[in-house]
Amino acid sequence: MDEVKRSAIGQFYKKTLAERQAIAAAWAQLSEADVQALSDSGLTPSQADLMIENVIGRYSLPFALATNFLINSRDYLAPMVIEEPSVVAACSYAAKLFRESGGFTASSDESVMIGQLQVLDLPDFENAGARLLARKQEILRAVNDSGGSIAARGGGALDLEARSFPATAIGDMLVVHLLYDTRDAMGANAINSALEAVAPLIKRMTGGRVNLRILSNLSDRRLARASGMIPAQALATDSATGEQVVDAIVEAAVFAEVDPYRAATHNKGIMNGIDAVMLATGNDWRAVEAGAHAYAARDGRYRSLTRWRKDEAGNLQGAIEVPLATGIVGGATRVHHGAKVALKLLGVQSARELAEVAAAVGLAQNFAAIRALATDGIQAGHMRLHARQLALAAGAIGADAQAVARQLIDEDCIRLERAKEIVNERKRET
Ligand code: MEV
């Protein structure tokens, strides 16, 4: 039996970069080339040149691991690519608190994408949708017969829906939805090809004209969910009881349930986590962003994607539900060595499992942000990290950087000029 791996790696943040790489390599049996991909950009110049147009170089971001994740009783290290300080530390801290009470429970829908066909100039708009639906099996068979690697993997067209928009600015409009199981792929190419293949048939059947043929990023048939609990006593601070912190967090959450201005920021915090995992694994984070925000506004008002409540025992219960169109095959995951390493580190077996991890990371990230906001405020932590960055920018290294940062905080003067002075003073002293 495999040795059970624990993502609760003590003091991970205090280790050197090389030590962390060695831990990551042992965690996922990374090859030397994999480790090398972490140190360079994971993409050769010629791969970059083939990936998009007009390439003039490559662009790097930090690649980190959030520790402590326990999801459906399995340990994960969450790969995160992000430029913003505090996010990974906050996420790891949050995952630790959830872990202590059993971790996250997560689930996800099948990988069902929605593709849209816009049908116009219909001779019989009133009945066009019903007529198409009456021939649903014929249409689905035609899509599946058009081939594609996803059909070979057991995916393909599942269902058809028709939505009518009468008397729009461009006249009556029928929108046909093709529901398509993309299995372990994000599936944009598969669904767009299927739509283009079936469009002539829809045109013939309706006598109308097909304009757009494109997936919807509101992938609400592809939701991922995560939930977890933190005992009140684990939330006590120097100045507040655990119960007070639970109440303050629930107040913060309800703020985001009722006010779109707050919900936007609250959801941005969630996406700090989800996007970072998407970026690390080579997924289309803009698609996931678009889906998340559209889903947040599904009932006509933009709301938070999470829910936080106090349970009967006084503990904090949190849950998230978010569309997550993720892939572990195809796209950048095929080309980018860094993305391959991220997937190895996660060890996920399916796109659905990746979506479940990302949902848990989003929930953890959201908890960390609202806990900080509802207690000390986020600036204290940010300023500590900012001080360290200034110390590094002023030329301090290792333990010296920590000492310079601490002095900047103690003096309440977190400025580069002062950091440079302290570095010079310390040099003169030694
Ligand atoms: C900053 O990147 C994210 C937060 O603003 C999220 C929030 O306000 O909940 C801290």
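## Residue T67 and its neighbours

In this predicted model, T67 touches S7, F12, L77, S92 and A95, leaving aside residues up to four places away in sequence. T67 belongs to strand 1, which runs over residues 63–71. Its relative accessible area is 6%. Buried means under 20%, so T67 counts as buried.

One of the residues that T67 touches is S92. T67 and S92 are 25 residues apart along the chain, and their C-alpha atoms are separated by 5.0 Å. T67 also has a polar contact with N68: the two side chains are joined at 3.3 Å.

## Aromatic pairs

A pair of aromatic rings is described by two values, the distance of the centres and the angle of the planes. The whole structure holds 5 aromatic pairs. In the pair of F98 and F104, the ring centres are 4.5 Å apart and the planes meet at 35°. Planes under 30 degrees apart would count as stacked and planes over 60 as edge-to-face, so this pair is tilted. Both F98 and F104 are buried.

F98 also pairs with W308. Here the distance is 6.2 Å centre to centre and the angle between the planes is 40°, and this pair is tilted too. It links distant parts of the chain, with F98 in helix 4 (residues 87–100) and W308 in strand 9 (residues 306–310), 210 residues apart. The relative accessible area of F98 is 0%, so F98 is buried. W308 is buried as well, with a relative accessible area of 0%. One aromatic cluster is formed by F69, F98, F104, W308 and F367.

## Charges over rings

Two residues with charged side chains are placed over aromatic rings. K5 lies over the face of W27, and the distance from the ring centre is 4.6 Å. R298 lies over the face of Y295, at 3.8 Å from the ring centre.

## The ligand and its surroundings

The shell around the ligand is made of E84, R262, T265, H266, K268, G269, N272, A369, L373 and I378. Among them, E84 has a polar side-chain atom 2.6 Å from an oxygen atom of the ligand. For R262, a polar side-chain atom lies 2.7 Å from an oxygen atom of the ligand. In the side chain of N272, an N or O atom is 2.9 Å from an oxygen atom of the ligand.

Taken alone, the ligand exposes 300 Å², and the protein buries 86% of that area. Two elements give two or more residues to the shell: helix 10 (260–280) and helix 14 (351–374). Helix 10 provides the largest share, 6 residues.

## The chain as a whole

The chain has 430 residues, of which 47% count as buried. Its secondary structure comes to 17 helices and 10 strands. Along the principal axes, the C-alpha trace spans about 85 × 55 × 50 Å.

Contacts can also be sorted by how far apart the two residues are in sequence. Among contacts with a separation of 6 or more, 71% are between residues 24 or more positions apart. The pair of F98 and W308, 210 residues apart, links distant parts of the chain. The accessible surface of the chain is about 21,200 Å², and 51% of this belongs to carbon and sulfur atoms.

## Residues with a positive phi

Most residues other than glycine have a negative phi. A167 is not a glycine, yet its phi is positive, at about 45°. A167 is found in strand 5, which covers residues 156–168. Exposed means over 50% relative accessible area, so A167, at 66%, counts as exposed.

D412 is another residue other than glycine with a positive phi, near 55°. D412 lies in the loop between helix 16 (399–410) and helix 17 (416–429). Its relative accessible area is 69%, so D412 is exposed.

Definitions and conventions
Residues are numbered from 1 along each chain as its sequence is written. This is a predicted model: local features need pLDDT of at least 70, side-chain atom pairs count only at pLDDT 80 or more; totals for chains, interfaces and linings use all residues. Side-chain values use heavy atoms; hydrogens and water are left out. Helices (H or I, at least four residues) and strands (E, at least two) are DSSP runs, numbered from the N terminus. Buried means under 20% relative accessible area, exposed over 50%, partly exposed in between (1.4 Å probe, protein chains only). Contact means heavy atoms within 4.5 Å. A polar contact is a pair of N or O atoms within 3.5 Å; within protein, one must be able to donate a hydrogen and the other to accept it, and residues adjacent in sequence count only if both atoms are side-chain atoms. Rings of Phe, Tyr and Trp (its six-membered ring) pair if their centres lie within 6.5 Å; planes under 30 degrees apart count as stacked, over 60 as edge-to-face and the rest as tilted. A charge sits over a ring if NZ of Lys or CZ of Arg is within 6 Å of the ring centre and within 35 degrees of the ring normal. A residue is near a molecule or strand if one of its heavy atoms lies within 4 Å of it. Accessible areas come from the Shrake-Rupley method with a 1.4 Å probe; for residues, only the protein chains shown count as cover.
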